[in-house]
Amino acid sequence: MTDTPLNMVEADQTLVTRLRAWWSGETANPAKRVQFDRPLTPWLFLLPQLAVVVIFFYWPSVQAVTSSFYLEDPFGFGATFVGMENYADALNSSEYLGTAAFTAFFCVVVTTLALGIGLLMAVKADKVIRGAESYKTLLISVYAIAPPVAGLIGMMFFDMHMGPLKDLAAFFGYDLKVGINYWDTATALIVIAVWKQIPYNFIFFLSGLQSVPVSVREAALIDAQSGWRRFWDITLPLLAPTAFFLLVINITYTMFDTFPIIDVIVKDKPANNPMTLVYKVYLDGFKGNDIGGSSAQSVILMGVVALLTVLQFRFLERRVHYG
Amino acid sequence: MFKTTGMAIGSMLLASTAFAATDITWWHGMGGRNGEVINEISQQFNAAQDACHLTPISKGTYEEALSSGIAAFRSGEQPNILQVFDAGAATIIAAKGATIAAEDLITGAGEEFNRENFIAGVRNFYADSDGKFIGMPFNSSAPIMYFNTEAFEKAGVQPPKTWEEFEEVAPKLKEAGYLPMTASQLTWMMVENFKSRNNQQFATNNNGYDATQGTEIIVNDENQVMMFEKLKAWADDGLYGFYGAGWADNLKPFEEGKAAMWIGSSGSFGGLQKSADFDFGAGFMPYWDSIEGAGTQSFIGGAALFAMAGKPEEQNTCTAQFFSFLTSPETQVYWHKNTGYVPITEAAYEMAKGEGYYDEQPVAEVGIQQLMLETGEWSKGYRLGFYPQIRTVMEREFNRIFSGETEVKAAFDTIQQEGNALLARFAKTAN
Amino acid sequence: MQKIKPFDHLILILGVLFLCAPVVMALMSSTHAAIDIHSNGLSLLPGGNGIETYTKVLTHRGGFTGDVTGLLMLRNSLIMGLGFAVGKIALSMMAAYALVYFRFRFATLLFWAIFATLLLPLEVRIMPSYQVMSELHLLNTYTGLIVPLLASATGTFFFRQFFRSVPDELLEAARIDGAGPVKFFIDILVPLSKTMMAAIFIIMFIYGWNQYLWPLLMTTDESFYTLMRGIKSILQVWVGSQIPDYNEAFALAVLAMVPPVAVVVIFQRMFIKGLTESDK
């Protein structure tokens, strides 16, 4: 009880000091111990990226967000201001909430599998010097295959009449019905989404591993006994910045970039198959021309992902040790 | 090979001579062979006259083409002609000012236009409630019933004309070792065209034609629910196979010779001739004899061409000329034979018949004949906003019905309720 | 020095098998007839139509103008891939450099402002984006095709992560030598980032290479056709009425894999930079 007011004062002080520090550019946790201290130069370096972001992202995005408060005829003749109605419609639908739940599940499973397998393979490829290049080239070719064809192959693998995986499941006495059975479809989506993302993680993990200085590697070899301990104590901390990057990117990948896979697997008719929130946005906005409704859904989604990201930066990045 | 090269040379020559021609553009959503036929028709139009030069461009799928057209219209970059698919028609027709009614465009350019020249089934679908053509019907198809000839011979029965007949023959087909029936896209077959073939009202406000405000869908009525209760019962008895919402998944058992009947599109025969190694025939989509006034024509599927507003007069004249060219019997027959879509005018139908095309391809005639059946009060068409989303709701509920998660009546109550919510939302977007 | 265990290879081989099987099947299936693929699905063994299909794909003159050839689509895809990868690396390295190595106001805010671009995919803002392009008169231009795609934070975020893990001693040493920010960036940081640049180049090249929706919306001229549009257009037929030319789509996809894989092989040497003699 007595501690509480004291803490609050402390917290206030930190907030003020933090704000002041932030304003002057001195964050409590600066990116570098040593930094250049020139007022203009960083702006010159940032300018091209900022210009592109402002013109091609913020300008259109503001319009997209504005339209979430309207019900609008797509051709731009009529628009009725409806306030939060589009948001309420989305959030009050049990369908929407079910889709949100699946999205969360999908996100966790795909990210975990794609990161785990990608890391495992990168560590192994980093170890074997002979043949590493062939493995790498082969894996990149997977990443390079055209998305529509990748989707088509995935669909044919799981085809309910002639897919090889259907036959495999039948061999074990299971009747695999992708497109009819919710969880069968979910499995297909996960396998294909993971398959497409492993090479991406592999490439970045491998380049992260290979940028570890040789001196560190040699020291590690001498110090640590088992390979596992060596990985856990030395390699993983060094990989942490890459791993953190990949975690964030993989989450945005499963959230935003998997909808073409869903579209192919459900043959553009989701029926009662699982789908992600972005696929719903795509369905309502791009296919159904409900601009207001789909904008509101995207804003909700943007809020959720932003929150997730902030949490990751807040709690996970603290543990990431940069060089 | 020679043909395409020849055409390429032809177009190069044209490009050099057509300096004075008015350029018009056509955005479409067709790929593969159909996309090529669109190019060929455009070449033919350009070759047939000097004043106009038409350039078609593929804009991906139907949805992508519509979205491209919308984005372009909002920026004043719209094409002269935009192809819009059946379920998206309400969106573009509701946006008054986005298009020029095809009929006004043609008559305004001094060309002749007569509604009666079109076959009955395509006359109203893209028209307003007075029957004035807003969109120009282009690629049209009808849902028909295909049957495996051998299967019916083995079972010793005739292909059914009504669902009552189906109930009689189905057990015999099953005994003969066949799955009696599959059907693709139940939304198109068993809801929309259940309504048209049985002359059932689909929505208030004259199926949505009279007004956008206050239009409500009618699907949880006794007859519609009965259709799906029958389907569910047939599925449970092994008389009907449900393979989800995917078109091809439901077609496959028929292609493999396992299913005796398939309800599909009138245009599907070209693909079936390659993929099925048995003789097949086709008949009209069955209706219920027990429903009074049933047996009317079906709705068309496919897409129409819309003339976009905001274009200069001389370009609109060219668009009008192209629309007239498109409905000429020669062009229609060329399109019909090369793509499998039905011809949209009576003259074109007569011409194809006169050329003996239906003696070679009897199945190609079935769709047209079905579209030429008697027009019922409710078989003209429907105009429902956010209809792609309503279809999605239906597909979801149908999967639930056949997996036993829900009862038929409850499912249609849900469709009715969610569909009306969507229609009410759409009404707020309209100007 | 490190021992190579057969177990490591086993894991790699299993992984590669799982990942590459579909690619192999695409290659094999591309040599079958379309109807064969339609009726029997994917194949593990070669068929007899390979030469015919590949010849057709390479020489076919498609489109309305007849100018849409494999070569034209290849060229456009290359422009998209290279333009995007190079632009992305340049822009994001510079931005990340400013964010990590400088003390200035709003640094955190700007990082988040750039980072936010990951949160709203193009599909969602595609209509307003088109309007912006139209107002800037960038429709039907390569600039309009490439530059808007650069507005994403992946690269900046990635280089930020890497720069932060570069030892501080480097900068201290450089400052003692009197190197300014530009000199430090070009002479020290860029060479140090080669492995990372190679990795992101490959990823970004493929990303640009595989673009579909944006070029589709942005261009109304067949001379901007890319391989991805060619592939989609083959597959996109009215289901049931025709059998899509699966074999041609597979063949195009196989051909479309060659340049990205070539890029990898070219950049292979950069990848290996991290390893030195002592490892061999």
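What share of the 280 residues in chain C is buried? The figure is 63%. This is a predicted model. Chain C has 14 helices and zero strands. The briefing below covers the build of chain C, then its surface and charges, then some ring pairs in chains B and C.

**Build of chain C**
- Read along the sequence, the pattern of chain C is α-α-α-α-α-α-α-α-α-α-α-α-α-α.
- The C-alpha trace of chain C spans about 70 × 60 × 30 Å along its principal axes.
- Take the contacts in chain C with a separation of 6 or more: 74% of them join residues 24 or more positions apart.

**Surface and charge of chain C**
- Chain C has an accessible surface of about 10700 Å².
- Carbon and sulfur atoms hold 68% of that surface.
- Chain C carries 19 positive and 17 negative side chains.
- The centres of these two sets of charges lie 7 Å apart.

**Aromatic pairs**
- A pair of aromatic rings is described by two values: the distance of the centres and the angle of the planes.
- Over all chains, the structure holds 87 aromatic pairs.
- One of them joins Phe202(B) and Tyr387(B), with ring centres 6.2 Å apart and planes at 85°.
- An angle over 60 degrees counts as edge-to-face, so the pair of Phe202(B) and Tyr387(B) is edge-to-face.
- Phe202(B) lies in the loop between α9 (186–197) and α10 (204–207) of chain B, while Tyr387(B) lies in helix α19 (residues 387–402) of chain B.
- The pair therefore ties together parts that are 185 residues apart in sequence.
- Phe202(B) and Tyr387(B) are both buried.
- Phe111(C) and Phe157(C) form a tilted pair, 6.3 Å centre to centre, with 55° between the planes.
- Phe111(C) belongs to helix α5 (residues 107–115) and Phe157(C) to helix α8 (residues 154–165) of chain C.
- The two residues are 46 residues apart, and their pair links distant parts of the chain.
- Buried means under 20% relative accessible area, so Phe111(C) counts as buried at 7% relative accessibility.
- Phe157(C) also counts as buried, because its relative accessibility is 1%.

**Charges over rings**
- Which ring does the charged end of Lys59(B) sit over? That ring belongs to Trp27(B), and the charged end is 4.6 Å from the ring centre.
- In chain C, the charged end of Lys232(C) sits over the ring of Tyr212(C), 4.6 Å from its centre.

Key: Residues are numbered from 1 along each chain as its sequence is written. Chains are lettered from A and ligands numbered from 1 in the order in which they are written. This is a predicted model: local features need pLDDT of at least 70, side-chain atom pairs count only at pLDDT 80 or more; totals for chains, interfaces and linings use all residues. Side-chain values use heavy atoms; hydrogens and water are left out. Helices (H or I, at least four residues) and strands (E, at least two) are DSSP runs, numbered from the N terminus. Buried means under 20% relative accessible area, exposed over 50%, partly exposed in between (1.4 Å probe, protein chains only). Contact means heavy atoms within 4.5 Å. Accessible areas come from the Shrake-Rupley method with a 1.4 Å probe; for residues, only the protein chains shown count as cover. Lys and Arg count as positive and Asp and Glu as negative; His and the chain ends are not counted. The place of a charge is taken as NZ of Lys, CZ of Arg, CG of Asp or CD of Glu. Rings of Phe, Tyr and Trp (its six-membered ring) pair if their centres lie within 6.5 Å; planes under 30 degrees apart count as stacked, over 60 as edge-to-face and the rest as tilted. A charge sits over a ring if NZ of Lys or CZ of Arg is within 6 Å of the ring centre and within 35 degrees of the ring normal.
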